[in-house]
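User: I'm new to this one, could you walk me through it?
Analyst: Gladly, and here it is.
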Amino acid sequence: MIEMLTLAKKELTDLRRSRLLLVLFAFLAVAVILSVVVASADFRLKIADYRHYLDALKAAGSTAAAPAPQLFPLQMLRGGMEYLEIIGSLFAVVLGASMITKEKGRGTLALIFSRPLGRYAFAGGKILALSLIWATTMGALFLVIVATLLLVGNAPLQGGDYLALAIVAAHTTGYLIMWSLLAMTLATLALRTGTGLILALVLWLVVVLIIPQIGDTMDPDNQIPGGLFASLQVDKSHEQAVMAHFTGYETTRDLIEQTSVTKQYERATFAYLGIKNEYNQQSLSFIWAGTFNNTLWLLAGLATSLGAALLSGTKKTILRKAP
Amino acid sequence: MTRWSAVMVHELLCTTRERLPQLLLAVFVGMIAASAFIGSSARASVTGVYQEALRQGLTTVSNPFDALSPLYYARNTVIYIVLIGALLAIVVGVNSTLRDRQARTADLILSRDVGPAFYLGSKLAGLALFVLLLLALSALLNIGCISVVTGQVLAGGDSARIAGLYALAWLFMLPFVALGMAAGLHAASSTSALLTPIVIWSVVIFILPLLGTAAHPVSLLNPVSPPPAPQGGFFAATSSLVDPLSLGEQFKHVGALILADPQATGTMAGGILTMAAFAVAGCAAVVMTRRTRMRRLLHD
């Protein structure tokens with residue numbers, strides 16, 4: 001246990017000294033801030049359009065009133081969450097792989113394992129360090145997000161919003177730790193330094209981009225600009241009646257999407273942030289009831305990557321030679 | 001064999017022999033082959049939904065997929081080129097220059113009567129040829145898969161349009177090859193050599209379009225054109241700044257015009273010129289690399 005803590009401390013010191021972590025954090029923070037700025041500008045334009053519309057109605061002598069666009073502050077985080085989903089996980093892959101590649105590059109692995117270490121102490125130290133890094137980084141990033149929503153988005157946040165943000169931060173931390181551990185495992189198992197990183201990148205490409213893209217493309221409503229049902233002039237209630245005849249197709253599409261842990265993360269976080277209309281302004285218990293399976297799948301992914309990282313990070317695996 | 005062609009052929013051989021780009025290549029070619037079948041499944045579901053809505057008396061409009069061109073089935077390939085093709089270009093570019101630095105072959109080659117510009121130019125030409133061959137194979141595969149899906153051999157005009165799309169894809173991928181090579185030449189470690197161009201790619205593909213159009217990053221993965229950008233002050237200013245830099249969106253726009261997407265409007269000239277400008281700038285940056293930079297040691 002002591003050696004694991006020592007190794008974790010050494011990792012944290014290494015990362016504090018390198019600029020990599022600072023660059024990654026700054027990049028993610030800027031991306032998230034920009035997405036809130038854009039969402040805020042977009043909402044202001046909608047309000048301006050709405051006022052023009054009302055003025056036009058008044059000028060035409062009409063007394064009819066249209067509902068004003070409503071601001072749901074957490075919905076402004078959609079772009080930011082998608083950046084964490086795509087770019088955040090990419091950074092997590094690089095960070096996880098670098099935990100092993102730097103030791104291979106410096107030739108320090110043989111030295112570390114010449115010490116009397118417990119079987120899982122090396123991997124445990126790395127895992128602990130990665131977990132602490134991502135928990136701290138996400139804590140800081142979500143503070144930036146709150147400040148951006150309050151200052152840039154002029155969004156009044158309530159107590160429930162802070163709780164929802166904390167839950168989303170916890171999901172994001174788990175998601176990013178999972179990607180770092182997967183990349184670390186592949187870097188450990190690969191005999192050549194760059195191989196693990198590229199294998200992890202291919203896995204990232206398939207899970208984060210390709211599978212969700214296939215699911216998205218198979219959605220009939222995504223085939224026509226503005227939506228298929230809107231183009232057919234079919235309203236929401238009738239849309240469900242039509243889609244009830246395509247349950248087999250929809251189940252297959254859903255299964256394809258569910259094979260991507262990114263989609264599980266997206267579904268859970270979008271529900272807590274109210275981005276999915278059916279969960280907007282609902283209680284946390286209602287959202288949990290609808291999305292607990294997504295959270296559990298995410299946890300299963302995290303547990304799998306944790307187990308893989310722990311089992312692969314042994315002296316026997318790491319110090320083996322190419323045949 | 002001239003020195004130029006010797007370096008080109010060597011580059012081509014090294015790239016085709018490397019297992020890891022082969023993995024990305026397999027994903028790329030596999031998705032190109034699958035794209036027509038994914039499109040076919042989407043079309044069948046839309047037609048089914050339309051017929052059900054018609055049966056229930058919910059709509060009177062015509063089927064939006066009536067008289068659909070076979071080129072519809074190639075639309076997904078545009079997205080796969082933007083995602084997988086560009087990443088593949090980066091990886092082969094990075095590997096090409098990192099290989100020399102890791103094996104210290106640059107020292108040996110530069111001791112001969114070969115200038116850095118000549119050597120790097122011929123390496124770049126080798127990789128450009130590799131990408132061209134890969135895209136030619138993908139185009140044939142795509143045409144074959146669309147023919148299978150539609151149940152008839154694709155017409156000459158449509159095949160020419162698909163060939164045009166892949167020619168454009170070559171122009172789109174070239175700056176990413178150059179970016180990867182430049183990163184491999186300038187980075188201090190192999191990790192940062194791979195990370196830097198991928199970060200630049202993610203900015204170009206996912207962040208710049210959001211600034212100009214408010215389009216959400218994941219919606220950019222859908223081949224259907226996003227709704228037009230708001231024309232207000234903020235977006236008018238940002239889109240004029242970032243649109244020329246959004247290489248992925250330029251490629252998607254010109255690609256949609258080539259594939260005769262009825263929703264695509266405008267001309268191709270601007271997009272093609274932008275991509276060509278990026279390709280020229282990227283190639284120039286690689287070729288102008290100094291001898292001392294090529295011989296620098298890696299720190300990992």
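Analyst: Helices here are DSSP runs of H or I with at least four residues, and strands are runs of E with at least two. Please keep in mind that this is a predicted model.
User: OK, how many helices and strands does chain A have, then?
Analyst: Chain A has 13 helices and zero strands, and its C-alpha atoms fill a box of roughly 85 × 45 × 35 Å along the principal axes.
User: And how much of chain A is buried?
Analyst: Of its 323 residues, 45% count as buried.
User: Let's look at helix α1 of chain A, which residues are buried there?
Analyst: In α1(A), the buried residues are M4(A), L7(A), A8(A), E11(A) and L15(A), and, seen down the helix axis, they fall within an arc of 100°, so they line one face. On the other side, I2(A), T13(A), R16(A) and R17(A) are exposed.
User: What do the buried ones pack against?
Analyst: They pack against α2 (20–59), α3 (78–106) and α5 (121–151) of chain A.
User: Switching topic, how many residues of chain B are in contact with chain A?
Analyst: There are 53 residues of chain B in contact with 54 residues of chain A. On the chain B side, the elements giving two or more residues are α2 (19–55), α3 (75–103), α7 (190–213) and α8 (233–242) of chain B, and the largest share, 15 residues, comes from α2(B).
User: What classes of residue are on that side?
Analyst: The side of chain B that touches chain A has 37 nonpolar, 14 polar and two charged residues.

Methods. Residues numbered from 1 in each chain as written. Chains lettered and ligands numbered in written order. Predicted model: local features only at pLDDT ≥ 70, side-chain atom pairs only at ≥ 80, totals over all residues. Contact = placed C-beta atoms within 7 Å. Nonpolar A, V, L, I, M, F, W, Y, C, P; charged D, E, K, R; others polar. Buried ≥ 20, exposed ≤ 12 C-beta atoms within 10 Å, placed from the backbone. Arc of directions from axis to C-beta.
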